[in-house]
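Q: Could you walk me through the side-chain contacts and a bit of the strand pairing in this one? I'd like to begin with the charged residues.

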Amino acid sequence: QEQLVESGGGSVEVGGSLRLSCAASGFTAGPNYIGWFLQAPGKEREGVACIYTGLRNTFYADSVKGRFTISHDKSSNTLYLQMNRLAPEDTATYYCAAPVAIAHTWRDPLSPKSYEYWGQGTQVTVSS
């Protein structure tokens with residue numbers, strides 16, 4: 001059974017860093033998209049970053065370019081999100097997600113609608 005388990009969230013001050021992890025299990029071996037999304041209170045879920053594991057193509061939301069880095073360890077099927085220079089507007093619950101099939105995702109890899117499998121989320125709070 002497919003499962004995504006996030007960890008690494010916490011509370012940091014403005015300008016600080018966090019590294020999120022997402023352990024994926026039960027997925028069919030092979031290239032796929034996998035990504036990070038955030039949802040702030042009262043707002044819709046939005047894409048942060050994703051990676052196509054086959055070619056390691058990466059995609060980022062404009063708001064995190066230059067600050068966040070997504071990576072994927074194929075050997076352990078673990079997704080990471082290194083978050084630097086954190087700002088209060090980064091405060092949200094962060095989710096890891098994967099699609100049922102690549103065909104669901106390639107047209108819009110940062111859209112939450114392109115993904116069917118979701119983790120439980122990990123909270124990130126940035127305080128000034």
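A: The structure holds two salt bridges, a salt bridge being a side-chain nitrogen of Lys or Arg within 4 Å of a carboxyl oxygen of Asp or Glu. This is a predicted model, in which local features need pLDDT of at least 70 and side-chain atom pairs count only at pLDDT 80 or more, while totals for chains, interfaces and linings use all residues. Residues are numbered from 1 along each chain as its sequence is written, and side-chain values use heavy atoms, with hydrogens and water left out.

Q: OK, what does lysine 65 form a salt bridge with?
A: Its partner is aspartate 62, and the closest N and O atoms are 3.1 Å apart.

Q: Is that aspartate 62 buried or exposed?
A: Aspartate 62 counts as exposed because its relative accessibility is 64%; exposed means over 50% relative accessible area, buried under 20% and partly exposed in between, with a 1.4 Å probe and protein chains only.

Q: And which side chains meet in a salt bridge at 2.7 Å?
A: Those of arginine 67 and aspartate 90, with the distance taken from N to O. This pair links distant parts of the chain, 23 residues apart, with arginine 67 in the loop between strand E6 (57-60) and strand E7 (68-73) and aspartate 90 in the loop between strand E8 (78-83) and strand E9 (92-98). Strands here are DSSP runs of at least two residues, labelled E and numbered from the N terminus.

Q: Buried or exposed, those two, arginine 67 and aspartate 90?
A: Both arginine 67 and aspartate 90 are buried.

Q: Switching to strands, how do E5 and E6 pair?
A: Strand E5 (residues 46-52) pairs with E6 in the antiparallel sense over four bridges, where pairing requires that DSSP finds at least two bridges between the strands. Cysteine 50 has phenylalanine 59 in E6 as its bridge partner.

Q: What sits between E5 and E6?
A: Four residues separate them in a hairpin, and arginine 56 in the turn has a positive phi of about 60 degrees.

Q: Now the rings: how many aromatic pairs are there?
A: The structure holds seven aromatic pairs, counted when ring centres of Phe, Tyr and Trp (its six-membered ring) lie within 6.5 Å, with planes under 30 degrees apart called stacked, over 60 edge-to-face and the rest tilted. One of them joins tyrosine 115 and tryptophan 118 edge-to-face, at 6.5 Å centre to centre and 65 degrees between the planes.

Q: Which residues do ring pairs link into a cluster?
A: Phe37, Tyr95, Tyr115 and Trp118.
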